[in-house]
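Student: Could you walk me through this structure? I have not looked at it before.

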Amino acid sequence: MSALARYRQEWFGNITRDTLAGMVGTFALIPEVIAFSFVAGVDPAVGLYASFVISVVIAFTGGRPGMISGAAGSVALVAAALVRAHGVQYLLAATLLCGLLQVVFGILRLHVLMRYVSRPVRTGFVNALAILIFSAQVPHMLHVTWHTYAMIALGLVIIYTLPRLFSAIPSPLICIVVLTVVSMLYPMPLHTVADLGRLPDSLPHLVWPDVPFSLDTLNIIAPFALAMASVGVLESMMTARVVDDLTETHSSKRQECMGLGIANIAVGLFGGIAGCGMIGQTVGNLRYGGRGRLSTFVAGAFLLLLMVALRPWVAQVPVAALVAIMIMVSASTFSWSSLRDLVHHPRTTSVIMLATVAVVVGTHDLAAGVAVGVLLNGLFFAFQVSSMLSVSNTLSADNQTRTYIVNGQVFFASSDSFADAFDLHDTARHITIDLTHAHLWDMTAAGMLEELIGKMEAQGMDVQLIGLNGASTRLLTRHTRLQPA
């Protein structure tokens, strides 16, 4: 399929389901975006405008069809400190720089770093996000009357049972309409969307950050912009990978990275906060048939329609309806099979997944959890590979020649074990080190071998290296004084 035909298919290949699923994604965006706006210390309109702009722009520029992006919590956590210290105008400037950095990340192909995020880390990331999504609904269920619980229960019944009878319209949309009508016909003490914060009452317009154009300003915003850009790319790449797995398709991570940067530049110019991929809303979109770029576009365009044209009606939507939707999204996002896998998978795999979950839930920082997971994965992998190294030796009949046979990978984590296997006070005068079944990976291994041979030769031994493969030979030749035959 040509690029143009594929792009057309991504837009118009699933019009009905993409449109309806995108509308579901819009309602899933509203409570979370408003909550994240409060976390960042900005007016809800800033987060809502940002979500509209990001969704619309990235629908054209992104590389992962069917993914919902908006003003997300991880970026909001980073932005909060900047807003408290310097105000919203500096946040807009940081958002512009954040978008520019993300475009640069895409040009430099830094998205390939996601290859080092293993499946246990991705599973932990998804499970932690599901827990955070659910925990974010808990405040809406505290200090309320029984009416709220009854409406949430009714919403869940509609969401889970209606698809068995009728699937033309996503059940969350029907849930919102039914619960809103019920609350209007039978007034009861319920919180509504209007209680979450002031909704926008006008269209977004172009603005330029009201900050001095100077190096001092750059020094203030640069650290925050870099952190926002890094966290945003990380969360978007993780979300894109999850969508790839769920849909069994591939996507351009580089294009998604650059598309996110372009979207965030546009966000900064329209007075919004930087955003990224939102996995909870994305899973909801996929669950109800959203697969193409149109679903992403509709999620943003319908949000603007709700904010401006239908504002009085949206304000009356009971929060209970949104809570029911988010509970469904949380349950759909969580990888329930991972609980069973805790028993069957290797212990290190389970530890990595649980550590990722614990850090994300404990800090509400998705980037920190992924970083810890990747670090643990690297440490466990290095330990496992280094433990596979073995060195055996044989002595000739005349006791003059000892041959060491090395099997495995020699690198920074195994170099000490490698060196400890050699006897520097051996009575044999001729030493042969057979590396036919070994590989030298780094400078630590090369340096350790050079040091080892130097000590042996200082004891009067004649040392010979045999069996070196091409890569190991080049490493020793270029970076040590050894000259293998």
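Tutor: We can go through the domains, the cores, some strands and a helix in turn.

Tutor: This is a predicted model, in which local features need pLDDT of at least 70 and side-chain atom pairs count only at pLDDT 80 or more, while totals for chains, interfaces and linings use all residues. Residues are numbered from 1 along each chain as its sequence is written, and side-chain values use heavy atoms, with hydrogens and water left out.

Student: OK, what domains is the protein chain divided into?

Tutor: There is domain 1 (3-379) and domain 2 (390-478), with bounds that come from an automatic or database domain assignment. Taken over C-alpha atoms, the centres of domain 1 and domain 2 are separated by 54 Å.

Student: And how many residues has the largest nonpolar core?

Tutor: The largest nonpolar core has 114 residues, and those with the most contacts inside it are F27, I30, F125, M228 and I273. Another core, of 27 residues, lies apart from it and has Y404, A445, M448 and L482 among its members. A nonpolar core here is a set of buried Ala, Val, Leu, Ile, Met, Phe, Trp, Tyr and Cys residues joined through side-chain atoms within 4.5 Å, where buried means under 20% relative accessible area (1.4 Å probe, protein chains only).

Student: What is F27 in contact with, then?

Tutor: Leaving aside its neighbours within four places in sequence, F27 is in contact with L173, I176, F302, L306 and L322, contact meaning heavy atoms within 4.5 Å.

Student: Switching to strands, which way do β3 and β4 run?

Tutor: Strand β3 (residues 390-395) and strand β4 (residues 401-410) run antiparallel and are joined by six bridges, and the two form a hairpin with five residues between them. By contrast, β4 pairs with strand β5 (residues 430-440) in the parallel sense, over nine bridges. Strands are DSSP runs (E, at least two residues), as helices are (H or I, at least four), numbered from the N terminus, and two strands pair if DSSP finds at least two bridges between them.

Student: What stands opposite Y404 in β5?

Tutor: That is I433.

Student: Last topic: where is the kink in α9?

Tutor: A kink of about 35 degrees lies at I221 in α9, shortly before the proline P223, the bend being the angle between axes fitted to the seven residues ending there and the seven starting there. After α9 comes E248, whose phi is positive, near 55 degrees.

Conventions
Buried < 20%, exposed > 50% of the residue type's maximum accessible area, 1.4 Å probe, protein only.
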